[in-house]
Amino acid sequence: MEKVVSLCKRRGFIFPGSDIYGGLANSWDYGPYGVELKNNIKKAWWKQNVYMRNDMLGMDAAILMHSKTWEASGHVENFFDLKSDCKNCNKRFKVADLKDTKKCPECGGELTQPKQFNLMLRTNYGAVDDPASVIYLRPETAQGMFVNFQNILDSRHPKLPFGLAQIGKSFRNEITPGNFTFRTREFEQMEIEYFCRPEESDKVYEEWVQARQSWYLDLGMKPENIRFRKHAKDELAHYAKACTDVEYNFPWGWSELEGIANRTDFDLKQHSQFSGQDLRYFDAVKNERFFPYIIEPSGGVDRCLLAFLVDAYHEELVKDDTRVVLKLNKDLAPNKVAVLPLLKNRTEIVEIAKNLAQDLKKDMVAVYDDTANIGKLYRRQDEVGTLFCVTIDVQSLEDKQATVRSRDTMEQVRINIDNVKQYLVDKLK
Ligand code: GAP
């Protein structure tokens, strides 16, 4: 884990948040490669779950929502963790994590009685700073889709079963954040709310578990590092009929990446009751009105990114030297190709390399780099998972060919410079 964290900072994937001020505990900023990897994960998720299907629509709801939303959802009443404080060192603990609920695990001091602690972050909405202006930062993106159910029906007229997909920031005032970006107070979710007839919900739920499994595996996650764990009855959230957690084998153990839940008709019923709007679905063929059930595959972007990073991290010995490679899937790798001049003081070589990189940029993420010797440049690109390196050398001036090196095999082939783009396009398909 330390190696991944160090690579993230060294190469510009993830930095500690507010670093120059000593950091804001457990907050993280995504750097140039981090944002590319994150965007690629979100793109792959959106493609699979929106563009490739005929029964899914996208959404982007506001982070700040009417306070009644959180009363209806149950978050005001139920979104609590029990916490205890140490009377000696003042550290705060989640009671669920404690072996001994009376003794501080760090200094041995006495712990306070457990108290309920609501995990929603609060702010004030508008210019007046009074209790009536208190509003929450959403702790999940899901509610933005439930409250728009009627708008979607009225504007797009989808028939059951259909779903909504949304990616966006959520906030939780976690008592014990940690494990790098795994548990933070600000994070991004990728959520699907799939509406179906109640009697079809068990089947639809199983189909989504399968679909989500394929997504992780198709993006190259090692099968031995991912598992699907069904919740026991006493583990289920108050609204859920069934739930399966997608878990990844992180260096500290198996931990949740995503939950796939059968939320029953809880959400639409609650919002109907609290808003006074009838959110039942009308089936014109059967002439019946009812509350659809909702199947919810809900994953975290940051956790997913961390899992793909850990999964892709690879070290091998090459000529007594350790080669670090991020073996990211081609759709996830931040850079697809780097064009490198073998000699940066030969203007003809530099010109060809720069022109080639510029031309490749039209079709893929391509970079030009001449800031070190070729050995170092290769290592640098391997460490960030760049799929191919194209080198222009003295020979290229005569035979108009370039050397294309593959990240995973380190195999090198000579290709006409004019054909390099097509070669790469074919490989990236
Ligand atoms: N709408 C259902 C829901 O929000 P959840 O299990 O509380 O369910 C879904 O959250 C996913 O969001 C988790 O599986 C995880 O990937 C991500 N997530 C939740 N809390 C997080 C946190 N504090 N930091 C990072 N990711 C988090």
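Colleague: Let's start with Thr-264: where does Thr-264 lie?

Modeller: Thr-264 is in the loop between S13 and helix H8, which covers 266–275. Keep in mind that this is a predicted model.

Colleague: And what is phi of Thr-264?

Modeller: The value is near 55 degrees, so phi is positive in a residue other than glycine, and Thr-264 is buried, with a relative accessible area of 14%.

Colleague: Is His-157 buried or exposed?

Modeller: His-157 is exposed, because its relative accessible area is 52% and the cut-off for exposed is over 50%. His-157 also has a positive phi without being a glycine, near 50 degrees. You'll find His-157 in the loop between H6 and S9.

Colleague: Okay, on to the ligand. How many residues surround the ligand?

Modeller: The count is 20, and the closest are Glu-140, Arg-172, Thr-184, Glu-191 and Glu-256. Sorted by class, ten of the shell residues are charged, six are polar and four are nonpolar.

Colleague: Which strands each supply at least two residues of that shell?

Modeller: Strand S10 (186–196), strand S13 (253–262) and strand S16 (293–300) each do.

Colleague: What does the side chain of Arg-172 have 2.8 Å away?

Modeller: An oxygen atom of the ligand is at that distance from an N or O atom in the Arg-172 side chain. On the nitrogen side of things, a ligand nitrogen is 2.9 Å from a polar side-chain atom of Glu-296. Then there's Gly-300, where a polar backbone atom sits 2.9 Å from a ligand oxygen.

Colleague: How much of the ligand does the protein bury?

Modeller: The protein buries 89% of the 550 Å² that the ligand exposes when taken alone.

Colleague: And which pocket is the space taken by the ligand?

Modeller: That space is the largest pocket.

Colleague: Switching topic: which residues of helix H11 are buried?

Modeller: In H11, residues 374–383, the buried ones are Leu-377, Tyr-378, Gln-381, Asp-382 and Glu-383.

Colleague: Why does Gln-381 count as buried?

Modeller: Because its relative accessibility is 3%, and buried means under 20%. The Gln-381 side chain also makes a polar contact of 2.5 Å with the side chain of Thr-386.

Colleague: What about the two ends of H11?

Modeller: At the start of H11, a side-chain oxygen of Asn-373 comes within 3.1 Å of the backbone nitrogen of Gly-375. After H11 comes Gly-385, with a positive phi near 85 degrees.

Colleague: I also flagged Glu-247. Which strand holds Glu-247?

Modeller: Glu-247 is in strand S12, residues 242–250. It's buried, at 6% relative accessible area. Glu-247 and Leu-257 are ten residues apart along the chain, and their C-alpha atoms are separated by 5.4 Å.

Colleague: Next on my list is Val-367. Where does Val-367 lie?

Modeller: In strand S20, residues 366–368. Val-367 counts as partly exposed, with 22% relative accessibility. From Val-367 to Lys-354 is 13 residues in sequence, and 9.0 Å in space from C-alpha to C-alpha.

Colleague: Then there's Tyr-423. Which helix is Tyr-423 in?

Modeller: Tyr-423 is in helix H13, which spans residues 420–428. At 25% relative accessibility, Tyr-423 is partly exposed. Tyr-423 and Val-404 are 19 residues apart in sequence, with a C-alpha to C-alpha distance of 9.4 Å.

Colleague: Last thing, the whole chain. How many helices and strands does the protein chain have?

Modeller: There are 13 helices and 23 strands in the protein chain. Of its 429 residues, 50% are buried. Along the principal axes, the C-alpha atoms fill a box of roughly 75 × 65 × 50 Å.

Methods: Residues are numbered from 1 along each chain as its sequence is written. This is a predicted model: local features need pLDDT of at least 70, side-chain atom pairs count only at pLDDT 80 or more; totals for chains, interfaces and linings use all residues. Side-chain values use heavy atoms; hydrogens and water are left out. A residue is near a molecule or strand if one of its heavy atoms lies within 4 Å of it. A polar contact is a pair of N or O atoms within 3.5 Å; within protein, one must be able to donate a hydrogen and the other to accept it, and residues adjacent in sequence count only if both atoms are side-chain atoms. Accessible areas come from the Shrake-Rupley method with a 1.4 Å probe; for residues, only the protein chains shown count as cover. On a 1 Å grid over the protein atoms alone, a cavity is a set of points where a 1.4 Å probe fits but cannot get out, and a pocket is an open set with protein on both sides within 12 Å along at least five of seven lines; lining residues have an atom within 4 Å of a point. A molecule sits in a cavity or pocket if more than half of its atoms lie within 2 Å of its grid points. Helices (H or I, at least four residues) and strands (E, at least two) are DSSP runs, numbered from the N terminus. Ala, Val, Leu, Ile, Met, Phe, Trp, Tyr, Cys and Pro count as nonpolar, Asp, Glu, Lys and Arg as charged, and the others, Gly among them, as polar. Buried means under 20% relative accessible area, exposed over 50%, partly exposed in between (1.4 Å probe, protein chains only).
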